[in-house]
Structure formats: structure tokens, C-alpha cells
Amino acid sequence: MATEPLQGPRIARRDVLRAAPALALALLRPLPATADESLPRRHGVAMHGEPALPPGFDRLPYARADAPKGGRLSNAWLGGFDTLNPYAYKGAPAQGLKGFVYESLLARNYDEPFALYGLVAETVELPDDRDFIVFHIDPRARFSDGEPVGADDVLFTFELLREHGHPAFRSNYRRVRNATVIDDRSVRFDLPPEDRELAMILGLMPVLASHATDAGRFEETTFTPLVGTGPYAVSAVDPGRSIAYRRDPNYWGRDLPVNRGLNNFDEIRYDYYRDANAMFEAFKRGLVDVRIEADPVRWTTGYDFPAVRRGEIALESFKSGLPWGMNAFVFNTRKPIFSDVRVREALGFLFDYEWVDRNMFGGATVRTQSYYEGSELSSHGRPADARERELLARFPEVVRQDILEGSWSAPSGDGSGRDRDQLRKALDLLAAAGWSLKNGELVHESDGTPFRFEIMVSTKEDERLSLAFARGLERVGARAAVRLADSIQAFRRLQTYDFDMIVYNWVSSLSPGTEQKKYWSAAAADTPGERNYMGVREPAVDAMIDALLAARERADFVSAVRALDRVLLSGFYVVPLFHVKEQWIARWKTIRHPDVTPLYGPVLETWWRTTSPAGTDG
């Protein structure tokens with residue numbers, strides 16, 4: 001279905017109030033006369049310390065200012081989509097909408113742990129205690145329909161997402177004490193004490209057009225895009241199968257420092273595939289320009305095909321400074337079968353990582369041992385420091401002694417798939433939890449209930465991995481059925497925590513913050529749409545998250561994150577899997593990138609297409 005750059009029906013301000021009474025409260029608040037004139041206007045802000053880039057910087061350090069413009073970038077994505085609104089709860093949104101169509105108030109620099117610079121908001125005011133933030137809108141900022149961006153649009157978006165957005169927005173924005181328009185281009189948000197990241201989160205808020213957004217229908221799925229301020233507009237949609245974006249020649253922000261050398265393609269397209277092998281074949285045929293490879297076996301053995309041998313495709317490995325995060329089999333502890341920590345720990349002994357790594361991944365992976373693996377935030381191999389022990393002192397016995405001392409590691413077998421020592425440890429723990437092996441089946445001693453559950457996966461790769469785990473579980477008489485669900489069905493079941501076990505990867509950053517509440521807090525455990533898939537309800541977790549959010553100094557922040565890591569590891573909420581040491585990317589050589597790779601790894605927005613013969617990038 002081809003479309004023009006669409007927008008929602010225009011509605012008057014009085015219609016907004018009628019459609020969404022909660023918005024009326026914001027729009028009718030009295031307006032203060034001025035902002036705080038004693039504070040300087042900042043060009044950027046950082047989570048800890050000062051931003052690295054000075055006022056008047058020319059470009060982001062990893063962007064090439066003179067990067068060529070033009071051509072198309074064709075991408076592939078696994079699964080499907082059923083909405084063009086990425087900010088509502090319902091539906092699986094299409095890729096690319098955030099950033100291409102909808103911009104945030106401030107833009108990230110991916111060469112710093114967490115720093116934001118002027119975009120839709122040209123400058124900000126932010127006191128040291130961060131009890132409020134004022135955004136000053138760039139007078140040049142325009143929506144894709146040409147209308148100017150005003151303070152009312154920012155306030156409208158805030159209230160809309162707070163009342164009708166995805167739960168992630170609702171939980172964040174409801175912590176704001178007050179939101180007020182100062183003048184046509186300035187908005188002030190009053191913030192709670194000891195929540196230093198909330199100002200940064202607001203900086204990443206999108207800005208939607210109040211004159212072109214139907215607030216009453218915002219929560220419905222739709223194939224009509226909202227009106228944003230971004231560099232691209234949706235140009236074609238084939239529902240569930242493909243989406244294309246066309247660069248806006250009148251984009252207001254093309255000359256901003258944060259955009260110089262970015263958004264280089266005239267058109268960006270995403271084609272969706274139901275099968276990972278079909279997606280790989282499309283890349284081999286030239287239907288896809290860039291492929292991020294996650295399969296170690298495919299990377300080491302699957303790229304010996306004619307285009308690679310002819311030198312038309314480049315195979316590159318990139319290093320980043322990011323933590324690897326936690327990739328794991330995830331227990332849903334809401335289910336009675338997984339409510340006992342001894343059961344969860346026992347099943348971890350039945351996953352033979354060494355066998356899986358050798359036989360399925362060619363020895364190319366590394367076992368994950370921490371929720372913040374590969375960074376200074378990881379507790380693995382480090383004894384708790386004085387600050388960590390101080391934070392954890394209120395919660396005696398929550399953290400196991402070996403994890404507190406940094407000596408714990410995920411179970412390591414002999415690689416045979418039949419390690420008797422690991423089997424004995426698992427059976428001992430299961431027996432202590434009331435489970436025993438009778439006639440080849442694991443049953444509960446109280447009522448004879450068999451130990452059976454389902455592992456839900458959405459890719460063939462995860463299905464293969466889960467089947468290997470299920471074979472290991474059979475050694476103690478546990479039965480795990482592996483269920484392959486399509487991406488939309490899996491997404492919906494995740495939203496409502498309708499599963500026993502899943503394979504999931506929590507991606508981490510160098511500055512974990514409020515999103516940790518969405519992952520692990522007790523509140524998120526009871527809120528559909530959050531990512532506390534394990535159902536963690538542990539007061540020590542909530543306290544460690546509060547500590548990391550309140551930290552002003554990097555050292556205190558690192559200690560709080562490590563303490564959180566130890567609490568999560570001690571709960572055995574997951575069976576850790578593995579990661580690779582580098583990011584693998586294959587690209588047709590007509591696609592080029594700058595020489596500099598930022599801290600976060602490759603940023604595809606800085607890449608471009610060339611028609612010149614293959615040569616050196618840069």
C-alpha cells in the first residue's frame with residue numbers, strides 16, 4: 001500500500017480537551033512569567049559531570065561532515081509489524097520510526113556514556129540539584145507539514161504519553177511534579193528530588209504535532225504515521241512486509257551540529273522476513289545492503305559465497321565500550337513451578353554451555369557471567385567494595401557469599417552433555433525444593449505434579465538452542481516443550497507475561513538508569529508492557545536502583561550498579577547464555593562508513609552510499 005507522508009486529522013485545541021480531559025489540566029495551568037534567569041542556558045547535559053563537546057562544536061566526533069548524500073539503504077528485519085505508532089502500548093511498531101520520523105528534544109552523542117545536545121530544544125536550563133529543567137525550543141524547528149514547533153506541542157506530547165502512551169512513558173512521566181509553558185518556545189518541568197536521570201529522560205522525549213494528532217484514538221494501532229519533526233517521512237507501507245522512508249528536502253535541522261554528516265541516504269527501506277535463512281539469502285543476492293551478524297557459526301563458515309570472493313562485500317568486526325548485557329533463558333517466577341530459587345539454580349546446572357559452544361557455535365562465544373558483562377559495572381570476579389557492602393547491609397542474606405566475594409561463576413561442565421557432577425548438583429537442589437525423580441519423570445513429592453513447562457521462542461536459532469537445553473533437562477526427568485511463535489504473537493505474549501520461559505537479551509548501557517526499574521522493579525513486575533519478564537519482586541533490587549539513580553559521583557554509581565548485579569545474580573532468575581567479543585557486520589561495498597567508531601559501536605545514520613569503485617573508507 002503506497003502512501004503519501006500522512007498525518008492524523010487536524011483538531012482544534014478545544015477538541016483536544018474534549019477528547020482527553022487529562023490533557024486539559026496541563027493546557028489550563030497558569031503560565032509563569034519567566035524561566036530562572038540566574039541559570040545559564042546549556043548547549044548540552046551529561047548524566048555525570050559535564051558534556052565532552054564544547055559549545056559551538058562543529059559535528060559529532062564519529063560523523064564525517066562531508067559524507068556524500070543520495071541513494072537508497074535497504075535493510076532486513078525478522079518478523080512483522082502492525083502499527084506506525086511506536087509510542088502506544090498496542091501493536092508491534094515498524095522499524096526506523098524513532099529517529100527518522102520522530103525526533104527527540106535533545107540528541108545523543110554515542111561517544112559518551114550518556115550525554116545529550118541541542119536538537120528540537122536548542123538549549124536547556126538545569127540546576128545542579130536537577131529539581132527542574134527548562135527546554136528552549138529552537139525557533140527554526142518545524143514539523144514535517146511545515147508548521148512551527150511550539151511549547152504547547154511539547155506539553156501536549158508529554159501529557160499525551162503520560163496518560164495514553166506505552167507503560168514505559170507513563171511510569172517515567174508520572175514522576176514529574178509539574179509541567180508548565182513559560183512562553184511560546186519554553187517549557188519547564190519540575191522534578192522530584194534524588195531522581196537525577198529524569199531530566200535526561202525528558203530530553204529524549206519526542207515532539208508530536210498537537211494540531212495533527214488525534215488524542216482520542218492514540219492508543220489504537222494504525223498505518224497512518226503521526227506528524228513528527230524528523231529528517232524522513234514515511235513514503236510507502238506494505239503492512240507487515242515493508243516500510244520505506246524518504247528524506248525530507250525541507251528538513252529543518254539538517255545543518256545542526258548533531259546532524260552534520262548524518263541522514264545521508266535519500267531513501268531507507270526495511271523489508272521483513274519470516275525466516276532468518278531467507279533474510280540471509282536476500283543479503284547474498286544484493287537485496288539487503290548491510291547485515292548485522294549474530295550467529296557465530298554463520299560468521300565463521302557462511303560467508304564463503306561468490307560476492308565475498310569477488311571482493312564486493314566487506315566483512316568487518318567492530319569493538320565497542322558497551323556492556324554486553326544479559327542474554328539468557330529467563331524464568332517467569334510468577335509461575336509456581338519457578339517460584340523456588342533452588343529450582344532455578346538447579347536448572348542452570350543442566351545447561352551444558354561448553355557443549356553448546358563447541359557443537360553449535362564453533363567455539364566462537366564467551367559465557368555471560370553478569371548483567372553488565374564486559375564493563376567496569378560488572379561484579380563478576382570482583383569482591384564487593386565498602387560502598388557496596390554498605391548499600392547491601394540493610395538486606396542481609398539476599399546476596400550469596402560467593403557472589404559477594406566475586407568468586408561465583410555460571411556452572412561449567414565438561415562439554416560432554418552428560419556431566420555427572422553437574423547432574424548430581426541439580427538433583428540435590430531439586431530434592432531440597434521437594435522434587436524427585438520417579439519412573440523417569442521429575443515430580444513434586446507433595447502431590448505428584450510432573451515438572452513440565454514451555455519455552456517460547458520467536459526465531460529458529462533460539463528454537464535450536466532451546467531444544468538443546470530441553471535435552472539436558474530430560475536427564476532429571478523435567479520436560480520442556482519448545483514453542484516457536486511468530487514475532488507479533490511473541491510480542492503480545494511478552495507484553496502480558498504469558499509464558500513460562502523465554503530467551504531474552506537485556507541490552508545494557510554505560511549509564512544504566514531509570515530503565516532498570518522497567519527491567520527489575522517490583523512495580524514493573526505487575527505492569528503489563530514492561531520488561532521485568534522474570535517477575536522480580538525484591539526490595540533489595542528496588543533499593544539498589546534508587547541508589548544508582550541518586551549517585552552524583554561516578555564511583556558511587558559504579559558501586560550501586562555492581563550491588564544491583566549481585567542481588568540479581570543471587571536470585572538465579574535466569575540461566576546465563578553467552579555473547580561474542582565483537583560486533584560483526586557484512587556490507588556491500590557500495591555502502592561506506594567513517595573511519596571513527598564511537599564508544600557505542602557503529603552508527604548507521606553516519607553511513608552513506610557511493611557509486612565509486614570499492615576502496616578505502618573514510
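This is a predicted model: local features need pLDDT of at least 70, side-chain atom pairs count only at pLDDT 80 or more; totals for chains, interfaces and linings use all residues.

Student: How many residues of α4 are buried?

Tutor: The cut-off for buried is under 20% relative accessible area. In α4, 12 of the 14 residues are buried, and the helix is mostly covered. Among them are V154, L155, F156, F158, L160 and L161, but also the charged residues D153, E159 and R162.

Student: What span does α4 reach from its first C-alpha to its last?

Tutor: It reaches 20 Å, close to the 20 Å expected at 1.5 Å a residue.

Student: How do I read a sheet?

Tutor: Strands of a sheet pair through backbone hydrogen bonds, either parallel or antiparallel. Here an open sheet of five strands runs in the order β19-β18-β20-β14-β21, and its pairing is mixed. Strands β19 (479-484) and β21 (574-576) are at the edges with a single partner strand each, so one side of each has no neighbour in the sheet. From one strand to the next, the twist averages 30°.

Student: In what sense do β18 and β19 pair, parallel or antiparallel?

Tutor: Strand β18, residues 452-457, pairs with β19 in the parallel sense, over six bridges. Within this pairing, R452 stands opposite R479 of β19.

Student: Which helix lies across the strands of this sheet?

Tutor: Helix α15, residues 460-473, lies across β14, β18, β19, β20 and β21. Its direction is at about 170° to β19.

Student: Against which strands do the buried residues of α16 pack?

Tutor: They pack against β18, β19 and β20. The general idea is that an α-helix has 3.6 residues a turn, so residues three or four places apart point the same way. In α16, the buried residues are I488, A490, R493, L494 and Q495.

Student: What caps the N-terminal end of α16?

Tutor: D486 does, with a side-chain oxygen 3.1 Å from the backbone nitrogen of I488.

Student: R493 is an arginine in α16. Is it buried or exposed?

Tutor: R493 is buried, at a relative accessible area of 13%. Leaving aside residues up to four places away in sequence, R493 touches E454, M456, R483, D498 and F499.

Student: What follows α16?

Tutor: Y497 follows, and its phi is positive, near 55°. Y497 is a residue other than glycine, and it lies in the loop between α16 and β20.

Student: Where else is phi near 55°?

Tutor: N439, also a residue other than glycine, has a positive phi near 55°. N439 sits in the loop between β16 (435-438) and β17 (441-444).

Student: Are these two residues buried or exposed?

Tutor: N439 is exposed, with a relative accessible area of 87%. Y497 counts as buried, at 8% relative accessibility.

Conventions: Residues are numbered from 1 along each chain as its sequence is written. Side-chain values use heavy atoms; hydrogens and water are left out. Two strands pair if DSSP finds at least two bridges between them. Helices (H or I, at least four residues) and strands (E, at least two) are DSSP runs, numbered from the N terminus. Axes are lines fitted to C-alpha atoms, for helices over the stretch in contact, and angles run from 0 to 180 degrees between N-to-C directions. Contact means heavy atoms within 4.5 Å. Buried means under 20% relative accessible area, exposed over 50%, partly exposed in between (1.4 Å probe, protein chains only). A polar contact is a pair of N or O atoms within 3.5 Å; within protein, one must be able to donate a hydrogen and the other to accept it, and residues adjacent in sequence count only if both atoms are side-chain atoms. The expected span of a helix is 1.5 Å times one less than its number of residues.
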